[in-house]
Amino acid sequence: MTFTISDTAYGTDSADAKNAMYNDLRPQLQGLVHGETDLIANTANFSSLVFNSMPDLNWAGFYFLKGDELVLGPFQGKPACIRIKKGRGVCGTTVVEGKSIVVPDVHAFPGHIACDVNSRSELVVPVRGPDGAIVGVFDLDSPLPNRFDQTDADGIESLVKVLEATLV
């Protein structure tokens with residue numbers, strides 16, 4: 001399968017603009033991961049696609065669950081925290097709660113882990129294996145407060161489902 005990566009400049013000023021962005025990113029991601037089951041390759045391309053397509057991000061990447069902690073995986077952005085205990089920060093809390101978490105202001109989130117002092121808002125989405133168990137999280141950070149909302153959570157969840165279909 002061939003794939004095309006769009007050079008579209010996406011807007012985030014409305015739910016319609018965000019939905020159009022996610023509707024455009026989904027087939028691009030499907031093309032990138034088509035026929036590939038390697039977790040590192042697919043998550044590397046996933047994080048690059050999102051980081052280079054979505055406006056106002058300063059970090060996009062994965063953490064994978066190993067025992068009782070999350071370990072850094074493929075990402076785009078500045079160097080990041082390598083290990084995060086379950087229940088700590090937004091990523092660890094996402095694992096414990098088993099659902100996406102939108103944080104409009106990271107400074108107001110109890111126990112936020114500041115890997116990049118410029119991050120102001122965050123969205124973390126769980127990644128599930130074939131058996132439905134959480135195997136990791138996809139984490140987005142922005143230097144803008146209130147960058148993410150439920151439309152973004154729904155959109156990123158739809159992208160994560162594309163990735164999850166490649167996990168074997």
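Is F62 buried or exposed? At 0% relative accessibility, F62 counts as buried, where buried means under 20% relative accessible area and exposed over 50%, with partly exposed in between (1.4 Å probe, protein chains only).

This is a predicted model, in which local features need pLDDT of at least 70 and side-chain atom pairs pLDDT 80 or more, while totals for chains, interfaces and linings use all residues. Numbering starts from 1 along each chain as its sequence is written, and side-chain values use heavy atoms, leaving out hydrogens and water.

Next select F46 with F62. Rings of Phe, Tyr and Trp (its six-membered ring) pair if their centres lie within 6.5 Å; planes under 30 degrees apart count as stacked, over 60 as edge-to-face and the rest as tilted. The centres of F46 and F62 are 5.1 Å apart and the planes at 75°, so this pair is edge-to-face. F46 sits in helix α2 (residues 39–53) and F62 in strand β1 (residues 59–66); helices (H or I, at least four residues) and strands (E, at least two) are DSSP runs, numbered from the N terminus.

Centres of F62 and F138 lie 4.7 Å apart with planes at 45°, so the pair is tilted. F138 is buried too, at 1% relative accessibility. F46, F62, F64 and F138 form one aromatic cluster.

Now show the strands. The open sheet has 6 strands in the order β3-β2-β1-β6-β5-β4, with antiparallel pairing; two strands pair if DSSP finds at least two bridges between them. Finally, select β5 (residues 121–128), which 8 bridges join to β6; S121 has S142 as its bridge partner in β6.
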